[in-house]
Amino acid sequence: QVQLVESGGGSVQAGGSLRLSCAASGYTSSTYCMGWFRQAPGKEREGITAIYTSGASTRLAYDADSVKGRFTISRDNAKNTLYLQMNSLNPEDTAMYYCAASRVSCRTAGLLYYEYNYWGQGTQVTVSS
């Protein structure tokens with residue numbers, strides 16, 4: 001089993017920045033891809049970005065067009081923590097943000113939520129205009 005705990009959400013004005021963290025614990029060596037997803041009220045869960053996590057890899061796998069150039073995923077292997085740096089936030093970014101881990105490679109998992117086996121509880125991000 002893998003446990004994921006997100007933190008760092010909050011309220012920010014448009015144009016601002018936030019950094020989300022996702023602390024992973026448990027049998028993390030069983031996962032090969034980690035990603036960030038978000039879900040706004042009344043909308044489907046959206047995959048944002050994913051990163052290869054096999055071994056010491058920190059190679060980016062995917063970035064959704066909606067966040068490309070604004071959001072950056074990264075990983076600190078020593079701390080077993082995944083990050084999402086979010087810049088130039090706008091009200092459309094308001095959502096619950098989740099980190100997730102998959103037991104398959106990012107080439108298979110992509111940004112498909114059903115390919116991810118472990119999920120955090122989510123952290124709320126609210127952007128006001």
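Author: What follows is a chat about the terms used for this chain. This is a predicted model, where local features need pLDDT of at least 70 and side-chain atom pairs count only at pLDDT 80 or more, while totals for chains, interfaces and linings use all residues. Residues are numbered from 1 along each chain as its sequence is written, and side-chain values use heavy atoms, with hydrogens and water left out.

Reader: What makes a stretch a strand or a helix, and how many of them are in the chain?

Author: Both are DSSP runs, numbered from the N terminus: a helix is H or I over at least four residues, a strand is E over at least two. By that rule the chain has 11 strands and one helix. Read from the N terminus, the order is β-β-β-β-β-β-β-β-β-α-β-β.

Reader: Why is M96 called partly exposed?

Author: Buried means under 20% relative accessible area, exposed means over 50%, and partly exposed is in between (1.4 Å probe, protein chains only). M96 has 25% relative accessibility, so it counts as partly exposed. This residue sits in strand β9, residues 95-102. Over the whole chain of 129 residues, 44% count as buried.

Reader: And which residues does M96 touch?

Author: A contact means heavy atoms within 4.5 Å. Leaving out residues up to four places away in sequence, M96 touches F37, R38, Q39, G122, T123 and Q124. In the chain, 57% of the contacts with a separation of 6 or more are between residues 24 or more positions apart.

Reader: Why does G69 get the word "exposed"?

Author: G69 reaches 79% relative accessibility, so it counts as exposed. You'll find G69 in the loop between β6 (60-63) and β7.

Reader: What makes the phi of N80 and S88 worth a look?

Author: Most residues other than glycine have a negative phi. For N80, phi is near 55°, a positive value, and for S88 it is near 50°, also positive. N80 is in the loop between β7 (71-76) and β8, whereas S88 is in the loop between β8 and β9. N80, at 28% relative accessibility, counts as partly exposed, and S88 counts as partly exposed at 44%.

Reader: What is called a pocket, and which residues lie nearest the centre of the largest pocket?

Author: On a 1 Å grid over the protein atoms alone, a pocket is an open set of points with protein on both sides within 12 Å along at least five of seven lines; lining residues have an atom within 4 Å of a point. Here 16 residues line the largest pocket, with T28, T31, T53, R75 and N80 nearest its centre. Its volume, the space filled by probe spheres set on the points, is about 160 Å³. Strands β1 (2-7) and β8 (81-86) each give at least two residues to the lining.

Terms used. On a 1 Å grid over the protein atoms alone, a cavity is a set of points where a 1.4 Å probe fits but cannot get out, and a pocket is an open set with protein on both sides within 12 Å along at least five of seven lines; lining residues have an atom within 4 Å of a point.
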